[in-house]
Amino acid sequence: MVYVFPAIFTPTENGYAIRFPDLPGANSQGNDLTNAIYMARDALATWLDYLIDENEVIPTPSRARDIPLDDGQFTTMIDIDMTAYRRHKSSKAVKKTLSIPSWLNEEAEAHNVNFSAILQEALKEHLGIQTNQK
């Protein structure tokens, strides 16, 4: 599920301070705008991940135009795909037992085939999962 929350960016001597008015405690900082947006997305993902793990209610995001700002502050909408985030976070390996014909096993071993890598690639292709990583 994709979530989108407004973040308040406050310019500082060292870049930007970031806070999410709808998520008290979800704060971050970045040394330039690009880094600040990256850090805001990370803070949002971490905070929502915690709420999901604790079965807490995820609040309804405010509308950016309704958020009061001090001089110099601005809001930016930050999005995060929590399905992708949680998938990446929990990508630890699990062991599976499978059976293949012995002749195929011998042939694959003779060619130094990485069974895990081949199986992962085949499963992703079969399931239509696209990733940037191999």
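**Labels and the values behind them**

Guide: The protein chain is split into domain 1 (2-89) and domain 2 (93-127). Their C-alpha centres are 41 Å apart. Do keep in mind that this is a predicted model.

Visitor: How confident is the predictor in the protein chain, and which elements have the lowest and highest mean pLDDT?
Guide: The average pLDDT is 91, and 96% of the residues score at least 70. Among the elements, α2 has the lowest mean, 86, while β1 has the highest, 98.

Visitor: Why is Gln73 called buried?
Guide: Its relative accessible area is 15%. Buried means under 20%, so Gln73 is buried.

Visitor: Where is Gln73 found, and what is it in contact with?
Guide: Gln73 sits in the loop between α1 and β4. Setting aside neighbours within four places in sequence, Gln73 is in contact with Ile8, Phe9, Thr10 and Pro11.

Visitor: What makes the pairing of the Gln73 and Thr10 side chains a polar contact?
Guide: The two side chains are joined at 2.8 Å. The cut-off for a pair of N or O atoms is within 3.5 Å, so the Gln73 and Thr10 pair qualifies as a polar contact.

Visitor: Why does Glu109 count as partly exposed?
Guide: Glu109 has 46% relative accessibility. Exposed would need over 50% and buried under 20%, so Glu109 falls in between and counts as partly exposed. Glu109 lies in helix α3 (residues 102-110). The C-alpha atoms of Glu109 and Gln29 are separated by 50 Å, and these residues are 80 apart along the chain.

Visitor: How do you know what span to expect for helix α1?
Guide: Helix α1 covers residues 33-53, which is 21 residues. The expected span is 1.5 Å times one less than the number of residues, and for α1 that gives 30 Å. From first C-alpha to last, α1 reaches 30 Å, close to the expected value.

Visitor: Which residues of α1 are buried, and what covers them?
Guide: The buried ones are Ala36, Ala40, Ala43, Leu44, Ala45, Leu48, Asp49 and Leu51. Their cover includes β1 (2-12), β2 (15-19), β3 (27-30), β4 (74-81) and α2 (82-89).

Visitor: What is found at the start of α1, and what follows α1?
Guide: At the start, a side-chain oxygen of Asp32 reaches to within 3.2 Å of the backbone nitrogen of Thr34. After α1 comes Asn55, with a positive phi near 55°.

Conventions:
Residues are numbered from 1 along each chain as its sequence is written. Side-chain values use heavy atoms; hydrogens and water are left out. Domain bounds come from an automatic or database domain assignment. Helices (H or I, at least four residues) and strands (E, at least two) are DSSP runs, numbered from the N terminus. Buried means under 20% relative accessible area, exposed over 50%, partly exposed in between (1.4 Å probe, protein chains only). Contact means heavy atoms within 4.5 Å. A polar contact is a pair of N or O atoms within 3.5 Å; within protein, one must be able to donate a hydrogen and the other to accept it, and residues adjacent in sequence count only if both atoms are side-chain atoms. pLDDT is the predictor's confidence in each residue, from 0 to 100.
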